[in-house]
Amino acid sequence: MPVPRGLRGPDLRMRDAGCPDEPPHPRLWGHLRTPPIGCGGLSLALELPALVRQLRAAWRARREGPPGPEGGQASTWVESDKVKVEEVKRVAEDGIAHVEADGRLTSGHAGALLVERRGSYPLIDVRILKSKISASAQQGEVESGRRQVKRQLSFQRYCHASRLLRGLVPRAPGTPHLLDDDYMGQAAYMLSKVGTWNFDIFLFDRLTNGNSLVTLMCHLFSVYGLVQHFQLDMVKLHRFLGMVQEDYHPQNPYHNAVHAADVTQAMYCYLQEPKLAEHLSPQDVFLGLMSAAAHDVDHPGVNQPFLIKTRHHLASLYQNTSVLESHHWRSTVGMLRESGLLSHLPDDMSQDMEQQLGSLILATDISRQNEFLSTFREHLDSQDLDLQLATHRHFILQIALKCADVCNPCRFWELSKQWSERVCEEFYRQGDLERNLDMEISPLCNQLADSVPAIQIGFISYIVAPLFEEWHRFAEPSPLSRTMMGHLHKNKARWSRLLCARAASDPRTHPGAAGPGSGGEGGGIR
């Protein structure tokens, strides 16, 4: 069927002769009696762009062309016809995104064509979502049903994003990619530099579209060959990592999955230290990486004193002792068992790994800082550390995790400053909540009195510097420890200058640095 004269391009003339006869079409098309998706012999990869251009030209010609036979005929079009033509043009343009390599439309997309969006999540099956929620609603468990669906979707998003799973997880035709190849290429390049101390975890999180923790852990497990050594099921591994990443609260400015990924990357750097690396067993590496990834899982964004003051059920459950750390550990064990990641191992081995995982996570309790620091200092003074012994290696893993957890002041300034502002924002939110509840505001949580520079200077002086000075002695010292100590001194000096500038600009402000009794993770309290 003919296209308006003068608009018939060479692309359409190629195969028009081979088209079978078609039934008459409604008056909508007028002279444009060929629908945008016509006979099966057309090569849509070539035809659709040309056809879209011709449709646009036809519309402009009929709307703006000079008076004449065609112009007069165009005036007979009704407004509804114009709307329908615009809709057909949109469908034709959208159809380009779903043309297969052989130039034909994927089956099932002729009716409604969906556009792939750069960096978008995969399509969510609303029927599954509704069925899950309705089923759980009948049992009075709407929230748990939603969480299960969110976990499934999180795993689905990662399967579509991960290069490691590319080809292993089938992708339905027309399912959008989570990330473009350009983004994945940049993320892969960053992973090749994951052992460097200037690794920008915020950039990596953007390149992986919020899947930094899962992507990083899968890469490190591959680097160390842990999947092969422990004969791990890849599906169970990805399910477990997806659950861990999902259970971090993205609304927390600091204690979120990006912080967990940052600690994991720092832990990897420490595991690579020459003095330690040559003595580590695969189980040591497995526990070190897993504890770093899950050490703050399901963190509520408030510290332990707040939970105790508000009589939170977690404070009662763990008897006001290492409340958050105990919850992180128990949550991790629950997810390990739910995913069945270690179910193929002997019971005594899996239980021992769970206990050691708990020992590592509990070591991040900032209230035990002096206990670990004094023990570490005694070992270094007496030079009796024997890394051939499993107990001594485990102790060094505890110290390494503590260092990784509070290493933000040892990063380069731009990254360190961003983490400092994030942790202080989380403290200030807790202070605002305490103010609204007519409660005493916790130390370092009053944004009217506690400035970011003052908090950071106190945190570096009483928490970070003493710990990293001993780690520097242990590393004998290594290039990494020298780099960290250099950043630490420079960052403290910079915060001091900012504090002085703040005091000079506002004489009424008398900020005080945080003392040893108010230290905490990342620049504050737990």
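Please bear in mind throughout that the model is predicted.

I begin with the helix packing. Helix 14, residues 282-294, packs against helix 18, residues 347-362, at an angle of about 50 degrees, and their axes are 9 Å apart. That angle makes helix 14 oblique to helix 18. As for handedness, the crossing of these two helices is right-handed.

Which residues make this contact? On the side of helix 14 they are Gln283, Phe286, Leu287, Gly288, Met290, Ser291 and Ala294. Helix 18 meets them with Met349, Asp352, Met353, Gln356, Leu357, Leu360 and Ile361.

I turn now to the loops. Aspartate 298 is found in the loop between helix 14 and helix 15, the latter spanning 304-309. Its phi is near 60 degrees, a positive value in a residue other than glycine. Arginine 311 sits in the loop between helix 15 and helix 16, residues 313-317. Here, too, phi is positive in a residue other than glycine, with a value near 55 degrees. Is arginine 311 buried or exposed? With a relative accessibility of 74%, arginine 311 counts as exposed.

My last topic is the aromatic residues. A pair of aromatic rings is described by the distance of the centres and the angle of the planes. How many aromatic pairs does a search of the whole structure find? The search finds 13.

Consider phenylalanine 202 and tryptophan 419. Their ring centres are 4.6 Å apart and their planes stand at 40 degrees, so the pair is tilted. Phenylalanine 202 belongs to helix 8, residues 201-207, and tryptophan 419 to helix 21, residues 413-436; the pair therefore ties together parts that are 217 residues apart in sequence. Phenylalanine 202 counts as buried at 7% relative accessibility, and tryptophan 419 counts as buried at 0%.

Another tilted pair is formed by phenylalanine 376 and phenylalanine 474, with 6.1 Å from centre to centre and 55 degrees between the planes. Because phenylalanine 376 lies in helix 19, residues 369-382, and phenylalanine 474 in helix 22, residues 452-475, this pair ties together parts 98 residues apart in sequence. Both phenylalanine 376 and phenylalanine 474 are buried.

Finally, these two phenylalanines belong to a cluster linked by ring pairs, whose members are Trp197, Tyr270, Phe372, Phe376, Phe395, Trp471 and Phe474. Thank you for your attention.

How values were computed:
Residues numbered from 1 in each chain as written. Predicted model: local features only at pLDDT ≥ 70, side-chain atom pairs only at ≥ 80, totals over all residues. Heavy atoms only, no water. Axes fitted to C-alpha atoms, helices over the stretch in contact; angles between N-to-C directions. Helix = DSSP H or I, 4+ residues; strand = E, 2+ residues; numbered from the N terminus. Parallel < 35°, antiparallel > 145°, perpendicular 65-115°, else oblique. Left-handed = near helix turned anticlockwise from the far one by under 90°. Contact = heavy atoms within 4.5 Å. Buried < 20%, exposed > 50% of the residue type's maximum accessible area, 1.4 Å probe, protein only. Phe/Tyr/Trp six-rings, centres within 6.5 Å; stacked < 30°, edge-to-face > 60°.
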